[in-house]
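Here is a protein model to explore. Have a look around first, and then we'll walk through a few spots together.

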Amino acid sequence: MIPKVFKEVIDLGDGREISIETGKLAKQAHGSVVVQSGKCMLLCTVVSNYEQKDVDFLPLTVDYREKFAAAGRYPGGFFKREARPSDGEVLTMRLVDRVLRPLFPKDYHSETQVMIQLMSHDEDVMPDAMAGLAASAAIQLSDFPFECAISEARVGRVNGEFIINPTRAQLEESDIDMMIGASADSVMMVEGEMDEISEEEMTEAIKFAHEAIKVQCAAQLRLAEAFGKKEVREYPEERSDEDLAKKIHDMAYDKVYAIAKAGSAKHERSAAFSEIKEEIKATFTEEELEDFGDLVSKYYRAAEKAAIRDLTLNEGQRLDGRKTTDIRPIWCEVDYLPSTHGSAVFTRGETQALATVTLGTSRDANKIDMPSHEGEENFYLHYNFPPFCTGEARPIRGTSRREVGHGNLAQRALKGMVPDDCPYTVRVVSEVLESNGSSSMATVCSGTMAMMDAGVQLKKPVSGIAMGLISDADSGKYAVLSDILGDEDHLGDMDFKVTGTADGITACQMDIKVKGLSYEILVKALMQAKDGRLHILEKLTDTIAAPAADVKPHAPRMVTRVIPNEFIGALIGPGGKVIQELQKETGTTIVINEDPVTEEGIVEILGTAEEGILAVQAKIDSLMFKPQMNETYQVKVIKMLDFGAVVEYMDAPGNETLLHVSELAWERTENVSDVVNMGDEFEVKYLGTDPRTRKEKVSRKALLPKPEGYVERPPRRRDDRRGRDNRDRKPRRDRD
């Protein structure tokens, strides 16, 4: 039976379009679509169990995978099978999850899976830009309780013109790479990197992407209507008790307000809030707590949130006593770890990050091997968030998605400031040692100082700040919070992080939890963030004003040499013998890369001892040495022969040539040792290549004055060299 297929097409302009299709594949899923642009095809399926889980959160899993077959490639590794997701796939999962999750009802607790797969790849289409569209379109075809259609779009800017979903080639020329997630009414998520753009330019880019997203949302609704929109499923609603909620609010609100207004530290404040909660629970019997204890906790959290938000909106004061624009105390230190190539500690309030820098060769680059993108990174940043940084003990199960996402944000913030001619591969690792408010921004700050401490010649230092928003739609009041605490992140209406130099924004990450946030508030928040960034930047430059002039004594120095491809083989040697022995003798690491465009070899020499680096350079000079016609060179005798001496060019050890006996002196020389001996050093003149023997010819006598009365002997004819007897012989044909 031929399936009935439903399809909608979205025009992107410039001859590009996106199609959304359903009815052909994966029909047992609760919703499935194929999203296609060019030859790029994504299959998205959604399933949500009908049973509610006994948890107080939405067990939502967003999974994005790129199949190697989509690009006609084999997976790497022994098993030749796709394994754990790459960082790139994890980052796409996070982008989609952050937009979808808030649109499910708070009391919906069914196990829900959104699975997105790249089934066909197109070099000119970046699939991650369509993942959010695919997820939302599939959900629109399901019976899930989901608030509204959303989509995501990437925006770039080339030559001042904004582009929706640019190609990777266009992105290379773009000064903006932002992903925006939104519904038709509200922007919900922003993440990206920029080339020091202004706050106003960033806002314009968001507006441009939002207009494109509105078109994509409308296409989803048309598809759902044509397909036949299902009735929203019924599910058991959470218990509620309005009287109990009011009772707990009245018992908790004033006490929480007073503690919040006192402006205490995190642990003191948490202990005081816990005490209030326990006092409230003590007013109920054990039987009552068994019956509705979960509601008591839920309503207490609601009262606590309301009291803290009201304190900020009414009095402009925050949990730790600060005003809305205040930044917590900052202290910094560089060169903290004696053995690393660079290190820095950044502490802001109760958040602390220790960053280390390691310098290496191109061999240490981070390899990217995805079906949609292959390449390598010569600057990368890893972020670690251990349990102790928040005073907790919990299982450690490898790198979390959160760690991948926060590390990527910090990497994007800094990478544009690493100079293009930096000879090193640079790895930054951030160890979060304390956390109460944006450890990712602390990572940016500590990473900046650590690289400057390591002698990486950053174009400009970068700082970052996390901002928050508390708003009340009824009263119209709102407060933008600089340098938010962890608690303010959870109870606020917006969490956004902005990084940049003194001249502009380099990266951002924004999650907006309220509908219809005005661009006026957004611009105000960005401008307040700028003031905070510059304040923090001043603290960084007070600690280390400029990058160190050189790397540390124990850190490797890098020297890069360019040699013609014809000499690469000689440097490597048969079976790698020459280069291996050279590395062992000099204590260096030598990496050779061939540039197919220039047809040259790029030789990286990495070592801690200058003598070793100089020795490698001398070897390269020796291999590349080509004497010039009529030039004079210092040589040394390394071997004596009956018919001359083998000499080595002093400026190019290993390069040797024959000094023939006839070129030793103007006088006739019977024995070579009468003129030179082993180890003698003197000058010779290079006479080019003998056309008869095709060997290089050098002369000692050419630099000596001719003896008085010296007469040049005429060259003998060929017949003279045969001898008189030969001339007297008869031709062969006349012999008997």
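Is Arg 73 buried, partly exposed or exposed? Arg 73 is partly exposed, because its relative accessible area is 22% (buried means under 20%, exposed over 50%, partly exposed in between, using a 1.4 Å probe and protein chains only). Before going on, note that this is a predicted model, where local features need pLDDT of at least 70, side-chain atom pairs count only at pLDDT 80 or more, and totals for chains, interfaces and linings use all residues. Residues are numbered from 1 along each chain as its sequence is written, and side-chain values use heavy atoms, leaving out hydrogens and water.

Back to Arg 73: its partner in a salt bridge is Glu 374, with the closest N and O atoms 3.3 Å apart (a salt bridge puts a side-chain nitrogen of Lys or Arg within 4 Å of a carboxyl oxygen of Asp or Glu). These two partners sit 301 residues apart and link distant parts of the chain. Glu 374 counts as exposed, since its relative accessible area is 53%. Another one joins Lys 460 and Asp 503, at 2.8 Å from N to O.

Now for the inside. Ala 134 is buried, because its relative accessibility is 0%. Its contacts (heavy atoms within 4.5 Å) include Val 33. Val 33 is also among the residues touching the most other members of the largest nonpolar core, which has 161 residues (such a core is a set of buried Ala, Val, Leu, Ile, Met, Phe, Trp, Tyr and Cys residues joined through side-chain atoms within 4.5 Å). A second, separate core of 17 residues includes Tyr 633 and Val 684.

Conventions:
Helix = DSSP H or I, 4+ residues; strand = E, 2+ residues; numbered from the N terminus. Lists of a residue's contacts leave out its neighbours within four places in sequence.
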